[in-house]
Amino acid sequence: MVIFDSSNSLHRDMTYHPEQPERISATIKELRDFVINSKDKGNLLELVDVAEAKSAALDGTPYDNYSYDSFLHEPFSDAELEHARKILLKTHKGDLVTRIEESCKSAKERRIREGKDALGHMGHLDPDTFLTTETYAVCLRATAAWIKAVDVASKNRRPVMALTRPPGHHATSDSSNGFCIFNFAAATAVHVLDQDADYRVSILDWDVHYGQGVADIIQHFPNARYVSIHQTPAFPYMGESFRVSGANQNILTIPIQPETSWTCGYKDAFYKALDFISKDGEWSPDVVIVCAGYDALDSDDLASCSLQANDYGEMSKLLQQHLERTMVPNKRQPALILGLEGGYQLSNYAGGGNLQQAIVKTLEALI
């Protein structure tokens with residue numbers, strides 16, 4: 001199952017920004033083609049749209065152009081959105097959540113009073129992170145999508161992907177930054193541990209940038225672990241040594257050099273990450289969350305690593321095999337979810353593959 005929000009385009013910058021709505025629409029097109037054309041696996045993949053209404057256009061394009069029959073439409077209930085809000089309030093400190101919520105609401109109301117369109121740009125929180133009057137609503141639905149993904153995966157024991165934007169792994173407990181407003185991966189872990197404090201949660205981050213926000217939050221949860229494989233030097237210019245850290249010694253940073261490819265360095269780093277998230281006799285997770293960024297692609301302009309789209313399929317296969325191999329006897333296999341973080345190359349002519357092709361390879365390996 002892939003859960004997406006076709007109204008994510010309500011969060012967009014006024015000028016070109018690599019973190020754009022087309023990241024979702026291009027991927028949905030690719031996935032829809034996979035569903036239609038792949039006879040053996042396509043029928044195993046459901047595409048679920050959680051936008052409030054079908055009438056909301058995907059990047060301004062009528063749904064008819066996207067063969068809406070390929071999607072299920074399951075908007076969130078008020079109760080699901082309220083639960084997502086409560087989880088965000090537990091995940092983030094201070095007034096971060098309420099400040100974004102109230103700012104978007106008041107700006108929208110002001111525009112309506114002035115006779116303007118309700119949707120409007122509100123400026124930037126930092127040079128890279130923008131707000132619109134609908135940013136809070138988009139991010140709330142994204143939070144609910146990650147939560148729904150883990151609930152479905154926990155019930156059915158089949159991998160689920162939350163195909164959402166903006167990314168979230170840079171958002172710390174008290175700060176939005178690096179394209180990210182709220183931290184969806186951390187919020188999902190909080191949701192899981194809220195249901196059962198004895199559960200164990202592992203978070204694997206293969207985005208090319210260090211998710212310092214996830215580390216900042218998760219370090220305080222002894223029943224959770226976070227490992228990141230990331231390029232250094234690169235934003236946020238942290239996690240630049242291989243080490244275990246955190247208040248509960250539950251954060252592992254695995255830095256890699258620019259130009260690292262699957263066969264020259266990345267595969268070795270990936271095995272180290274797998275050993276941290278699930279290890280015989282030491283750590284057996286009930287839930288595994290993947291911060292699935294695709295900006296380590298050789299074609300991606302926001303970093304300098306050299307992965308190919310096919311490598312993400314191999315990573316997904318190795319992850320699933322590792323979880324099966326390290327599973328405790330008489331214990332259910334961990335629920336596995338993936339949530340989109342970075343990944344900005346959309347060109348169909350990109351050497352080695354683009355975002356949407358890498359996501360298809362990921363899901364194809366898991367179903």
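How many aromatic pairs does the structure hold? In this predicted model, the count is 11 aromatic pairs.

Trp-146 belongs to helix α4, which covers residues 135-156, and Phe-184 belongs to helix α5, which covers residues 184-195. The two residues are 38 positions apart, and the pair thus links distant parts of the chain. Both Trp-146 and Phe-184 are buried.

A further tilted pair joins Tyr-210 and Tyr-226, with 6.4 Å from centre to centre and 35° between the planes. Tyr-210 is found in the loop between β7 (201-205) and α6 (212-218), whereas Tyr-226 is part of strand β8 (residues 224-231), so this contact ties together parts that are 16 residues apart in sequence. Tyr-210 has a relative accessibility of 7% and therefore counts as buried, because the term applies under 20% relative accessible area. Tyr-226 is also buried, with a relative accessible area of 0%.

Trp-206, Trp-262, Tyr-266, Phe-270, Tyr-294 and Tyr-312 are linked by ring pairs into a cluster.

Rings meet charged side chains as well. The charged end of Arg-225 sits over the ring of Phe-276, at 4.5 Å from the ring centre. Likewise, Lys-272 places its charged end over the ring of Phe-242, 5.2 Å from the centre of that ring.

How values were computed:
Residues are numbered from 1 along each chain as its sequence is written. This is a predicted model: local features need pLDDT of at least 70, side-chain atom pairs count only at pLDDT 80 or more; totals for chains, interfaces and linings use all residues. Side-chain values use heavy atoms; hydrogens and water are left out. Rings of Phe, Tyr and Trp (its six-membered ring) pair if their centres lie within 6.5 Å; planes under 30 degrees apart count as stacked, over 60 as edge-to-face and the rest as tilted. Helices (H or I, at least four residues) and strands (E, at least two) are DSSP runs, numbered from the N terminus. Buried means under 20% relative accessible area, exposed over 50%, partly exposed in between (1.4 Å probe, protein chains only). A charge sits over a ring if NZ of Lys or CZ of Arg is within 6 Å of the ring centre and within 35 degrees of the ring normal.
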